[in-house]
Amino acid sequence: MKSLIERLRTRRLATVFVLLGTLSIAIVGGSFMAHGVRGQEKQNDSADATPLKVGNSSLPSNEFQSVFAKIAKQVGPAVVNINTQTLPKQSANRPNRRFHGRNVPNPQNPPGGDDDEQDQGGQGQGGQGGQGGGDQGQQGFQDFFNRFFGGQAPDQDDDGGQVRESLGSGFIVDSKGYIITNNHVVDKADKIYVKLSTDPDSQDLGRPARVIGTDKATDLAVIKIDAPSALPTVKLGNSDQVQVGDWVEAIGSPFALAQTVTAGIISAKNRTIEPGASGQFQHFLQTDAAINPGNSGGPLLNMAGEVIGVNTAIYTQSAGYQGIGFAMPSSTVVEIYNDLIAPGHKVVRGSIGIQFRQGLSGAVNRVYGFKNGVLVQQVQPNGPADKAGLKPGDIITTIDGRQIKDGDDLVSEIASRRPGSSIRLGFVRDGKPQDATVTIGDRDKVFADMGNAQQNQQPEEGGNPGETKLGIVVRDTPPEMATKLKHPGVVIQSVRTGSFGDLQGLEPGYVVIRINKQPTANRDQFNQVVSKLKIGDDVVFEIMDPRHPDLGINYVGGTLQ
């Protein structure tokens, strides 16, 4: 009994000790947790934090930071917004707004032809010559269509009965109110308004302006506003002194955001962005300064705050800035401006009435024996060069003793001469150097005469009527091919680019079996049928492709022009 009582006491003591130990652990743990919370609360106490203050910035000396700001402040007042309105044909409803800009061609397009001091040949796609690009309000960049990237220009004449508003930029060059901008900013506009940087920011379009003169060849225009007092002006710099890598600054109104300043460098010079005759007077400065729709006509400035270019175009596949913009050099701008403010209000360029092919292969140069110069392809009858005795195949090498490097050099030199003046033209004919005195003609008149002569020129009788009238050369079909096709005809050997046959989709290798239901089983029959065709006749070809005789006869045709 005593032993049992001792055991119970021992167990009670053990239980008490366990309970006391557990309680002690709980007390220590609770104290630690409480201490931790109190520590965290003390750590989050921000009573010792110092409030921030906006102070005066103290920037390290940086030449470009101060120069960019100085230029923007100095030149900004002379940069203007240009608003234009094109009225609908019948009614005027709610306006649509476009931002002016210009895309550039896809370099994959084949080079076009150059007239007179350039070569003849194909042309680039039409449209954004259409020089403009922009945005119908904030709904889409319809003005900046990708004409040179496979797209087509929107129908600018289809205004839907609405007044079409367009936005661009420009800059004042004469305190009396004369402003330089792009031709595509004001082209076809019925009303033009100019808003100065000092004008109130309101819905008012600005001050009425009138066109003094335009030049499509360089995409430049001069407009004027009435100025009761002297206006701020910019200073024109010398673009010929610009070097690749020089810093530049652009000011304009992209997307109607007035007085927007961007900066970059000159990334290239003498850049021609449209091949052929359309680009022969456009040799741009290339820059990576951001140029967007609405910047067209604004200034590109050097670090002295001088205008060295007129922002004109961008290279884009997105209708916006992609790092490549183009500005017409100030050296060109000054010449064009002086012509446009003269009494005639037009640019007069010289011409000698020739055509040539630009970018000939090395093989042509080696066979004809010249490294520098221009190979004459065509001489306009009764034109200045024809009267001086030049002929196709002559190689023009010098003007007044100065070596001519290439077609661009020739274009620039001849176009700068005044009509009626004379030059001494050095050329090579059949390997022998010769020279002749040529009287410069008015380019517009020379090419008007050339166009009239080509329109009035009648196809020669006899010869090859297929080549003369249709632009195709044919030969008799080999017997085995005729057997395979089960239709006699003539095989097309070649198709002249831009000819009637080319426009109908004829290609070398096709077999023509009938024209206007008349059989053309051989060359004689073909020539007889073609010789009877006249301008205005409908001409239908029945053709087969020897590579796919199973496709049968295909019918193509059009009206002979």
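1. Let's start with the second largest pocket, which holds about 870 Å³ of space. A pocket here is an open set of points on a 1 Å grid over the protein atoms alone, where a 1.4 Å probe fits and protein lies on both sides within 12 Å along at least five of seven lines. Grid points are joined across faces, edges and corners, and the volume is the space filled by probe spheres set on them. A note on provenance: this is a predicted model, local features need pLDDT of at least 70, side-chain atom pairs count only at pLDDT 80 or more, and totals for chains, interfaces and linings use all residues. Residues are numbered from 1 along each chain as its sequence is written, and side-chain values use heavy atoms, with hydrogens and water left out.

2. Who lines that pocket? The lining comes to 30 residues, with F281, H283, T332, E335 and S412 nearest the centre; a lining residue has an atom within 4 Å of a point. At least two lining residues come from each of β11 (260-271), β12 (284-287), β15, α4 and α7. Helices (H or I, at least four residues) and strands (E, at least two) are DSSP runs numbered from the N terminus. By class the lining splits into 10 nonpolar, nine polar and 11 charged residues. In that count Ala, Val, Leu, Ile, Met, Phe, Trp, Tyr, Cys and Pro are nonpolar, Asp, Glu, Lys and Arg are charged, and the others, Gly among them, are polar.

3. On the chain as a whole, I see 12 helices and 29 strands. Of its 561 residues, 43% count as buried, where buried means under 20% relative accessible area, exposed over 50%, and partly exposed in between (1.4 Å probe, protein chains only). Among contacts (heavy atoms within 4.5 Å) with a separation of 6 or more, 65% join residues 24 or more positions apart.

4. The largest nonpolar core has 26 residues, and V75, F171, I180, V234 and V310 touch the most other members. Such a core is a set of buried Ala, Val, Leu, Ile, Met, Phe, Trp, Tyr and Cys residues joined through side-chain atoms within 4.5 Å. Two or more residues each come from α2 (63-75), β4 (162-174), β8 (220-225), β14 (306-314), β15 (325-329) and α4 (330-340), and α4 gives the most, with four. Not counting residues up to four places away in sequence, V234 touches V75, A78, F171, I172, V173 and V307. There is also a second, separate core of 22 residues that includes V376, I423, F427 and V438.

5. Two residues of α4 are worth a look. S330 sits in this helix and is buried at 1% relative accessible area. A polar atom of the S330 side chain lies 2.7 Å from the backbone oxygen of G237, a polar contact (N or O atoms within 3.5 Å, one able to donate a hydrogen and the other to accept it; residues adjacent in sequence count only if both atoms are side-chain atoms). D339, also placed in α4, is buried at 15%. Leaving out residues up to four places away, D339 touches H345, K346, V347, V348 and R418.

6. How accessible is G325? This residue of β15 is buried, with a relative accessible area of 0%. Its C-alpha is 5.8 Å from that of A313, 12 residues apart along the chain. Beyond its neighbours within four places, G325 is in contact with L285, Q286, T287, I291, A313 and I314.

7. Helix α7 (residues 407-415) is mostly covered, seven of its nine residues being buried. Those buried residues pack against β16 (350-351), β17 (354-356), β18 (374-379), β19, β20 (402-403) and β21 (422-429). Over in β19 (residues 395-399) we find T398, buried at 16%. Leaving aside neighbours within four places, T398 is in contact with Q403, I404, R424, L425 and G426.

8. D219 has phi near 60 degrees, a positive value in a residue other than glycine, and lies in the loop between β7 (207-215) and β8. D219 counts as buried, at 0% relative accessibility. K486 has phi near 65 degrees, again positive in a residue other than glycine, in the loop between α10 (479-485) and β25 (490-495). K486 counts as exposed, at 71%.
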